[in-house]
Structure formats: C-alpha cells, structure tokens
Amino acid sequence: MTPEQQAAQQARATQLKDWRLSVSMDKYKAMRKMYNDAGVDIYAFKLEPNPNMSDEEYEYIFHVADTLGANHVTLELLH
C-alpha cells in the first residue's frame, strides 16, 4: 500500500475505534430484551476482532457479548 493508503487506513481505524467506544449499551440491552421476550437466547456475538485493535476495543467486544447474554464471540476466517 502507498503511504497515503496506509494513512487513510489508520485514520479509518481511529474513527471506528472512537465510534465503538462511544456507543451506549442501551441498544444492545434492548436487543437482548427483544430476543429474550421472543423466547430466544443469544448464544454468540460476531464482531470481528483484528490484531490491530486496542485493548479497549477488545473489552468493548466482550462487553457487548455479555450485555447480549452471549457466552461466545465468533469470527470468520477468510481464505
């Protein structure tokens, strides 16, 4: 990648991190209630972690999973 592409990628990653860490858990709580009220338990949550994420972002992923009542976090391996 060119230096410009790398800078754009880093800027996007920073924007995504800032957004993630600002999101309230209220929507996730409402989602869990909606599913639980329908008799559905959420088993897993998929928000793909990546090696460049900060510890705060990993904590966010696990907090969302916990808020949803999930006991697994999943990801897809690309080939």
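These notes go from the residue to the helix contacts.

I worked on a predicted model, where local features need pLDDT of at least 70, side-chain atom pairs count only at pLDDT 80 or more, and totals for chains, interfaces and linings use all residues. Residues are numbered from 1 along each chain as its sequence is written, and side-chain values use heavy atoms, with hydrogens and water left out.

Entry 1, the residue. I found T67 in helix α3, residues 55-68 (helices are DSSP runs of H or I, at least four residues, numbered from the N terminus). T67 has 11% relative accessibility and therefore counts as buried (under 20% relative accessible area, with a 1.4 Å probe and protein chains only). The T67 side chain reaches the backbone oxygen of H63 at 2.8 Å. Leaving out residues up to four places away in sequence, I listed M25, Y28, K29 and R32 as touching T67 (heavy atoms within 4.5 Å).

Helix α2, residues 26-37, packs on α3 at about 35 degrees, with the axes 8 Å apart (axes are lines fitted to C-alpha atoms over the stretch in contact; angles run from 0 to 180 degrees between N-to-C directions). Y28, K29, M31 and R32 of α2 meet Y60, V64, D66, T67 and L68 of α3.

Helix α1, residues 3-22, packs against α3 at about 45 degrees, and their axes lie 10 Å apart. I noted K17, R20 and L21 on the α1 side and E56, E57 and Y60 on the α3 side.

Methods: Helix = DSSP H or I, 4+ residues; strand = E, 2+ residues; numbered from the N terminus. Buried < 20%, exposed > 50% of the residue type's maximum accessible area, 1.4 Å probe, protein only. Polar contact = N/O pair within 3.5 Å; in protein donor to acceptor, adjacent residues only side chain to side chain.
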